[in-house]
Amino acid sequence: MTSAVASGTTAGGVNKLNRELLRWLQSLDLAYSLKNIKRDFSNGFLIAEILSRYYDKDISMHSFDNGIGLKVKKDNWDQLLKFMAKVPDFEIVGSKTEADAVMHCENGAAVAYLGKLYQCLTKRELQQVHPRPVEEDIPPYAKPTGSALIREKMRGPEFAETTDELQMGQKVRSVHARHEETLQLERLNDLERYGPASNEAKMVRPRKQKVVGEDSPVITTAVVKEVQIKSIDDRNLNLAHLRATREASAAMTVNPNNTEYGYAVELDGLELSDKGGPPKRRLMDLLNEYVTRKLTGTSILTQMDARKDRFDAFLSVVFAGGVVSDEDVAGVLRDLVDPGSVLANVLLDSPKDFWKLSGMLLPFLSDFGEDNPIFAASVHLWTSLGALCTKRDPAAAAIALSDYTLPGLATILTAAPKKRHAILRIIYSFGSAKVVAHIQTIKRLREGLPNMHVFIHCLALLFGLETEMDDTLSDLYYYYCCIGLDMACDKLRAACISMLPLFLASASAFALDLVPRLVAFSIRSTWWEVKAQLLIVASAVLHFSTQSTATASMEPHVDTCLAILDREFTPVASTNLRRLGLVHSAKLHTRFPELVPNYVDVLTSLSVEMLQDLVQDVAGDVAELPVFGASGATYHLTSLRGSWDPLGIAKQLALDSTGDGPSEQAMIVLLACFEELAKTQPEQLNALYALVQPMVIASLEAHATCELGVGLLSIVSFYSSPYLDVLRHDAMQAVLERICAGNVKEMGHQQQVLAQFLQQLCVSNSRTSTAVKECLTRLKTKVRTFQETMFSVALDAVLSH
């Protein structure tokens, strides 16, 4: 510890420990060695550890955090001051002023505080060593500048705990003013260096060297004029703001040629370039003309304040509410960006205009919900504007957004998780799609989002927007993905897990490295979205394994993912998990047939409505989960058709069938399988129907499944090859007789459905007309109440055909 302290405190004598204090600290056997006295004691953790050696029952170290953040420091010192207020001996060290000085690393504060603490705890006087005074003579060039002095002061408690920007600016100006006063005093006291103030030209000392061939030295005189340099005050510390202020000042100044700096005098709303180029439009002129043209003939225009600019008046009416409908506002915003890029060019040419437009349009993103058409139109406006600005100058577009709009967007990202995906699309629209540009954008976003949870969540969403990847960008995403997985937040963990399928496409090694950790999340986590993402990732890794050539190295990962599916994808899981699992694991059945039995059980466990959505024959999304993922994901559900294994599922349904009639869910799935096989594998229909025939025949007697069974019989009749007569079976004849003889109240629906089926079968298929006639004739002879049923109507139609 001695060497560490010596090496860490040589910067200034006020931060050095004397021998007595050093021996005392070494005797306490602290958990951390001392390297820098100011920094090591600033968070109060080591102070608490020192006190715990003397008051072990009153100080619990698990209540203190050895962090470096201001919040952690204040929490530790608040606990220490509360304890010291209870003990009379600590009166000389219980001052909040002294604690703040130590916390903010003021020179000498930590050493002075340790000296007083030593006296309180040991009851011994600390020997004071007074070093020989040394006259400090700092040369003028080594003295701190105004910016260095402001930077040093901003580390102190007076600035660190100030959050109001106005107060911060006042304090900065005060420090700067005091520094200027000090410089003026120094100039007055050191006339030998600075000389008397004079506006006259000054003579440079003559050159005294002799030129070859001359008898006497030549005296060269140079005249130096004083130049007044205007200092940059705190309002212009931002370079972009300085540029905007300069342009605004230039717009107010006209030179003798009646042209402004870079722009000509305003003529009828146009600004003619001094180079004779095309006219340049002003922002407000463009916006006013557009609003006037858009709202002409509407009642909105008459309710706007005529004293204001048209666009400003429109904004006032919108935010006042009750005058303009959301759809009308959305229509105005959606068409605000012109395809000719005039507005984009104006914004890139004038940072001031970009800043002004951002201030006017950001409330549309922050004040309206994500489902409001105004918010959707605002997102469209910003992304369109970003595309046009990027087309002209990608670097300028990215810088403009970062300087003027990103702070406001960062506030929305923090406050509204459901808007993050849309806001991030806006950010990515301003700038090149190249990897280097995206890395710079992520760095700017990190600076604007101090909350690590929010930043990693946004990063998980940005990963899905990437179109190009390289090793550097992949490493960046992987680094923050690992950090998010280690955080004790299930919502953030779900977002990080959602990044793994994207890693499989770009950097599969990263995804596979994280697969072993998924089992622990499956066991410990109860949050539904973590489990949902685990199902998606497990299905993606298993599908990746079917396309990978390194089968041996994939085996451990395959076993892990199969275990996750076995644990999470069950008939008793939540409805959302079952639906997601069905969609994402459907494509695995050919390679992993052992998954089919459980898959069929989960299928038949859904409600009829949900099942019909999943098996309908449509392209694209068929539904989405009714909940919005906390990770920011919207879970879309696609049709199972084209992904699942219809033949394997139908066979599994046949194996699972019992003597009782099949459920409605089972028949829905079976019918969907036959419909898909009729298009893709019609040669399999005959053999498959032989397996499921008992199920189909039994389904005809139930009200809920009769139509499904008839639909399946129709497919077999029309698509089987060779032709299969579905009516020539003893079990079929027996079921038809029971239905025909049944009570009309109980069997009326079944009688009507089957009668229509027989009539249609006879009319549309000449091969079955004879079989249909024989079937109906047999029913007429065997069933006494035949004439009272719909079968008699079908027989009359068949005989007349």
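## Contacts and overall composition

Among contacts in the chain (heavy atoms within 4.5 Å) between residues at least 6 apart in sequence, 65% join residues at least 24 apart. The structure is a predicted model, in which local features need pLDDT of at least 70 and side-chain atom pairs count only at pLDDT 80 or more, whereas totals for chains, interfaces and linings use all residues. Residues are numbered from 1 along each chain as its sequence is written, and side-chain values use heavy atoms, with hydrogens and water left out.

The secondary structure comprises 40 helices and 7 strands; helices (H or I, at least four residues) and strands (E, at least two) are DSSP runs, numbered from the N terminus. Of the 801 residues of the chain, 44% count as buried. Here buried denotes under 20% relative accessible area, exposed over 50%, and partly exposed the range in between, with a 1.4 Å probe and protein chains only.

## Buried face of helix H8

Helix H8 spans residues 146-153, and Gly 146, Leu 149 and Ile 150 are buried in it. Viewed down the axis of H8, the buried residues fall within an arc of 100°, so they line one face of the helix. The arc is that of the directions from the helix axis to the C-beta atoms.

## Salt bridges

Side chains of opposite charge can pair when their charged atoms come close. The structure holds 21 salt bridges, each being a side-chain nitrogen of Lys or Arg within 4 Å of a carboxyl oxygen of Asp or Glu. One of them joins Glu 468 to Lys 434, with the closest N and O atoms 4.0 Å apart. This pair links distant parts of the chain, 34 residues apart: Glu 468 is in the loop between helix H23 (452-463) and helix H24 (471-486), and Lys 434 is in the loop between helix H21 (420-429) and helix H22 (435-448). Glu 468 counts as partly exposed at 33% relative accessibility, and Lys 434 is partly exposed with a relative accessible area of 49%.

A salt bridge also forms between the side chains of Lys 531 and Glu 568, at 3.2 Å from N to O. Lys 531 belongs to helix H28 (residues 528-547) and Glu 568 to helix H29 (residues 551-568), so that distant parts of the chain, 37 residues apart, are linked by the pair. Both Lys 531 and Glu 568 are buried. The side chains of Lys 782 and Glu 737 meet in a salt bridge with an N to O distance of 3.7 Å. That pair connects distant parts of the chain, 45 residues apart, with Lys 782 in helix H39 (residues 769-782) and Glu 737 in helix H37 (residues 730-741). Lys 782 is exposed at a relative accessible area of 54%, whereas Glu 737 counts as partly exposed at 23%.

The structure holds 1 cavity of 30 Å³ or more, and the largest cavity has a volume of about 70 Å³. On a 1 Å grid over the protein atoms alone, a cavity is a set of points where a 1.4 Å probe fits but cannot get out, and lining residues have an atom within 4 Å of a point. Grid points are joined across faces, edges and corners, and the volume is the space filled by probe spheres set on the points.

The lining of the largest cavity consists of Ala 398, Leu 401, Ser 402, Leu 406, Ile 427, Phe 430, Thr 441, Arg 444 and Leu 445. Helix H20 (394-415) and H22 are the elements that give two or more residues to this lining. H20 provides the largest share, 4 residues. By class, the lining has 6 nonpolar, 2 polar and 1 charged residues; Ala, Val, Leu, Ile, Met, Phe, Trp, Tyr, Cys and Pro count as nonpolar, Asp, Glu, Lys and Arg as charged, and the others, Gly among them, as polar.

## Backbone geometry

Most residues other than glycine have a negative phi, and most peptide bonds are trans. The peptide bond from Ser 721 to Pro 722 is cis, with omega near -5°. Pro 722 is found in the loop between helix H36 (706-719) and H37.

Asp 29, although not a glycine, has a positive phi of about 50°. Asp 29 is placed in the loop between helix H2 (19-27) and helix H3 (37-40), and counts as exposed at 59% relative accessibility. Lys 123, also not a glycine, has a positive phi of about 60°. Lys 123 lies in the loop between helix H7 (109-122) and H8, and is exposed with a relative accessible area of 55%.

Conventions:
On a 1 Å grid over the protein atoms alone, a cavity is a set of points where a 1.4 Å probe fits but cannot get out, and a pocket is an open set with protein on both sides within 12 Å along at least five of seven lines; lining residues have an atom within 4 Å of a point.
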